[in-house]
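Trainee: I would like to learn how to read side-chain features in a model. Can we go through one together?

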Amino acid sequence: MLSTKIKEATKAPHQQLEGVVVRKLKAINGDKDYAEFLKFFYAYFNAVEEAIKPYITDAVLPDYKERRNSGYIKADIEALGESTDQLPEVEAPTITTVQEALGALYVLEGSIMGGSIIVKMLEKLGITRGLSFFSGYGAETPQKWSIFVTVLNAHAKNEGEENLAIKAANNTFSLFGRTFEREEVA
């Protein structure tokens with residue numbers, strides 16, 4: 001099944017990105033820092049959502065419009081008293097198929113799974129506002145993930161289609177990590 005293969009095949013870039021995100025989280029010192037951190041998520045998630053938009057239709061993922069998206073991040077930034085006027089530069093993956101779109105969405109949807117850990121880290125830092133994005137789907141998170149995994153698996157009918165999704169997921173993780181690296185270089 002693709003869901004098993006993609007998890008294994010993306011382990012390294014996933015762990016690299018996770019390390020970068022955790023370091024950035026640990027450096028947060030108040031609401032303004034947190035809002036700046038969220039701008040990276042907003043800019044990147046918004047760009048990826050635009051790239052996958054033509055391919056993730058109601059026929060592919062019927063509840064897609066109800067799922068958590070970059071609009072939640074924007075609302076969180078605004079709840080912290082900041083705006084999305086100045087955002088970091090990002091590069092989204094190139095998406096040309098449904099399988100690639102689902103591979104990229106695997107990364108976005110998968111970020112929900114670690115959201116509760118991020119919320120706990122932020123609360124320890126005294127951050128109590130702007131948590132809607134990382135709160136995911138609350139009690140519905142396992143069900144939403146299960147629905148997504150079923151769709152992911154159903155749209156990879158052969159090894160070639162699986163490879164398209166895996167390559168897109170790896171690229172999505174890597175490009176997101178580079179988003180944060182650009183800031184460190186600047």
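Trainee: Is Arg-129 buried, partly exposed or exposed?

Mentor: Some ground rules come before the answer. This is a predicted model, where local features need pLDDT of at least 70, side-chain atom pairs count only at pLDDT 80 or more, and totals for chains, interfaces and linings use all residues. Residues are numbered from 1 along each chain as its sequence is written, and side-chain values use heavy atoms, with hydrogens and water left out. Now the classes: buried is under 20% relative accessible area, exposed is over 50%, and partly exposed is in between (1.4 Å probe, protein chains only). Arg-129 has a relative accessible area of 39%, so it is partly exposed.

Trainee: Which side chain does Arg-129 meet in a salt bridge?

Mentor: A salt bridge needs a side-chain nitrogen of Lys or Arg within 4 Å of a carboxyl oxygen of Asp or Glu. Arg-129 pairs with Asp-31 at 2.4 Å, N to O. Arg-129 sits in the loop between α6 (115-124) and α7 (141-154), and Asp-31 in helix α3 (residues 31-52), so the pair ties together parts 98 residues apart in sequence. Helices here are DSSP runs (H or I, at least four residues), numbered from the N terminus. Asp-31 is partly exposed at 23%.

Trainee: How many salt bridges are there by this rule?

Mentor: The count is 10. One of them joins Glu-109 and Arg-67 at 2.6 Å, N to O. Glu-109 is in helix α5 (residues 98-110) and Arg-67 in the loop between α3 and α4, so this pair links parts 42 residues apart in sequence. Both Glu-109 and Arg-67 are buried.

Trainee: What does Ser-70 touch, leaving aside neighbours within four places in sequence?

Mentor: Contact means heavy atoms within 4.5 Å. Ser-70 is in contact with Tyr-42, Phe-45, Asn-46 and Glu-49. Its side chain also makes a polar contact of 3.3 Å with that of Asn-46. Such a contact is a pair of N or O atoms within 3.5 Å; within protein, one must be able to donate a hydrogen and the other to accept it, and residues adjacent in sequence count only if both atoms are side-chain atoms. Ser-70 lies in helix α4 (residues 70-79). At 4% relative accessibility, it is buried.

Trainee: Which residues have the most contacts inside the largest nonpolar core?

Mentor: A nonpolar core is a set of buried Ala, Val, Leu, Ile, Met, Phe, Trp, Tyr and Cys residues joined through side-chain atoms within 4.5 Å. The largest has 53 residues, and Tyr-34, Phe-41 and Phe-134 have the most contacts inside it. Helix α3 gives the largest share, 12 residues.

Definitions and conventions: Helix = DSSP H or I, 4+ residues; strand = E, 2+ residues; numbered from the N terminus.
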